[in-house]
Amino acid sequence: MLVLFETPAGFALFKVLDEGKLSKVEDLWKEFSTSESARKVVKLKAFTKFENTSEALSTATLLIDSKPSKGLRKFLRTHCEGETLGVADSKLGNAIKEKLQIECVHNNSVMELMRGVRSQLTELISGLGVQDLAPMSLGLSHSLSRYKLKFSPDKVDTMIIQAIGLLDDLDKELNTYAMRVREWYGWHFPELAKIVQDNILYAKAVKLMGNRVNAADLDFSEILPEEVETELKEAAVISMGTEVSELDLINIKELCDQVLALSEYRAQLYDYLKSRMNTIAPNLTALVGELVGARLIAHGGSLLNLAKQPGSTVQILGAEKALFRALKTKHATPKYGLIYHASLIGQAAPKLKGKISRSLAAKAALAIRYDALGDTQDNTMGLENRAKLEARLRNLEGRELGRSAGSTKGKPKIEFYDKDRKKGTGALITSAQTYNPAADAVLGRPTDKQEEESVPKKRKEIAEAGEEATETGNGEKKDKKKKKKKAEAEDNEIAKPEEEETQKKEKKKKKKTAEADQNEDQNAEQEGEGKKKKKRKHEEAEEEEAETRSKKKDKKKKK
């Protein structure tokens, strides 16, 4: 029986001298307590060393996956004919049995034997000292861990995660420090807060000026524009702030130094983040920018984890709370998360932000996978996808403009006008007729006598028309009066039967009310009679009771 043992230097084959001792697994460790006793159990039969570290690494990675390398197969063919082989991995033994037809054994006795061989390895293999074996094993373990983790110093996205986290923290600290400077110096010069809006310029102005009295003699041209400088100097003269001691001004200036130092470090950190993003994820950076890309990587945990996510997840990454709230309350789910801050979505109109965010997330998912798993380091894919998205945005905006202009498909329909073609048909109308000047009616100019005769005729016609108008006016008045009389007569005739009907209804109502009153009186009389009868019966009963009582008293007295 042979035992296959792997070392950092190469593979070793040990011949088991006494197989009977393998039956006593519990006592096997005693045989390897010393090197002399170990040599009685096993003996080195063959050894093959690795030529370089790359071969050692490739062989080790194959062994982790339970696959024999080419060198190992060649080594076993030459030395294991007709022998059983003890191996430390059952899957590796199955692979050797399938490919080389060598019988392999994996049990507790073989594992205990390998443990003993490992303890006396330097004694069993001549020429392999402890001082040589330790650095070999350390180097192989480092290279193996790098390979398994796919370690590459250019692809370390943890630097991006830490940098974007620090950048956000710096922004918060800068805001708090700058507000503290404004509040603190505002007691001395409150007008300066409205004049200088930027926090960094405010800190520089406070550091340069100190006391507001010095503002008139100082030159702020390096910090502030001319208009702001003149306004500052005018406000410093008439300021309503309180006086501040020199010690307070020293502390305020130190705080301004902290603000300026933090702002400089933030700018330096942003440049570092920009360079790292262009190195690690150039296509994602081209699509969404450095800050948004870094926040996506930080939120996903790593670039590789982010590459496993679909486009729909990338779209709402960062809006998980809103998503689950919407699912719980059965409202509309959010359309975008961290990706909302990308420049492409900022350019889109409010109605188109959802469509553009969906398209951008799909392209960003492809860019992330290309950056994480691709071999090239260029951003051509990201730039092409960005150009496509910009063209889509322009197309969508054009459609909206077309709809507002009245066209449904975005572009207005411009058709060639043909006067000889009917609308909707291919047939031609008969050719247009030419203009006929003979059909015009031409009036001749009247002579002077005709004009003179026409004047009195016109006057007579006007007078006759006036008389007819007066006659017609009088006739119209008479007709109106007749019509009014007829209408009044008709109204009276219509009103008479209506009045008769109303009178009949009133009479019926009176009869009904009278009958109802009579019934009520009868009911009341009957009730009164019934009450009287009841009273009489009650009185008679009381009289009888009184008589019976008096009779009983008389009987008692007689007794």
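The expected span of a helix is taken here as 1.5 Å times one less than its number of residues, and helices are DSSP runs of H or I with at least four residues, numbered from the N terminus. The model is predicted, with local features needing pLDDT of at least 70 and side-chain atom pairs counting only at pLDDT 80 or more, while totals for chains, interfaces and linings use all residues. Residues are numbered from 1 along each chain as its sequence is written, and side-chain values use heavy atoms, with hydrogens and water left out.

Select helix α19 to begin, residues 353–373: its 21 residues should span 30 Å at 1.5 Å a residue, and its end C-alpha atoms are 30 Å apart, which agrees.

Next, select α8 (residues 158–186) together with α14 (residues 290–300), whose axes come within 9 Å and cross at roughly 115°. Axes are lines fitted to C-alpha atoms, for helices over the stretch in contact, and angles run from 0 to 180 degrees between N-to-C directions. Because angles of 65 to 115 degrees count as roughly perpendicular (under 35 roughly parallel, over 145 roughly antiparallel, the rest oblique), α8 and α14 are roughly perpendicular to each other. The contact, meaning heavy atoms within 4.5 Å, is made by Ile-160, Ile-161, Ile-164, Leu-167 and Asp-168 of α8 and by Leu-291, Ala-294, Arg-295, Ile-297 and Ala-298 of α14. By class, this contact of α8 with α14 has eight nonpolar, no polar and two charged residues, where Ala, Val, Leu, Ile, Met, Phe, Trp, Tyr, Cys and Pro count as nonpolar, Asp, Glu, Lys and Arg as charged, and the others, Gly among them, as polar.

Then move to α3 (residues 70–79) and α4 (residues 90–100), which pack at an angle of about 65° with their axes 12 Å apart. Arg-73, Leu-76 and Arg-77 of α3 meet Ile-96, Lys-99 and Leu-100 of α4 in the contact, and these residues divide into three nonpolar, no polar and three charged.

Finally, centre on Val-117 in helix α5, residues 108–119. Val-117 is buried, with a relative accessible area of 2%, and, not counting residues up to four places away in sequence, Val-117 touches Phe-5, Phe-14, Phe-32, Val-42 and Leu-124.

Terms used: Helices (H or I, at least four residues) and strands (E, at least two) are DSSP runs, numbered from the N terminus. Buried means under 20% relative accessible area, exposed over 50%, partly exposed in between (1.4 Å probe, protein chains only).
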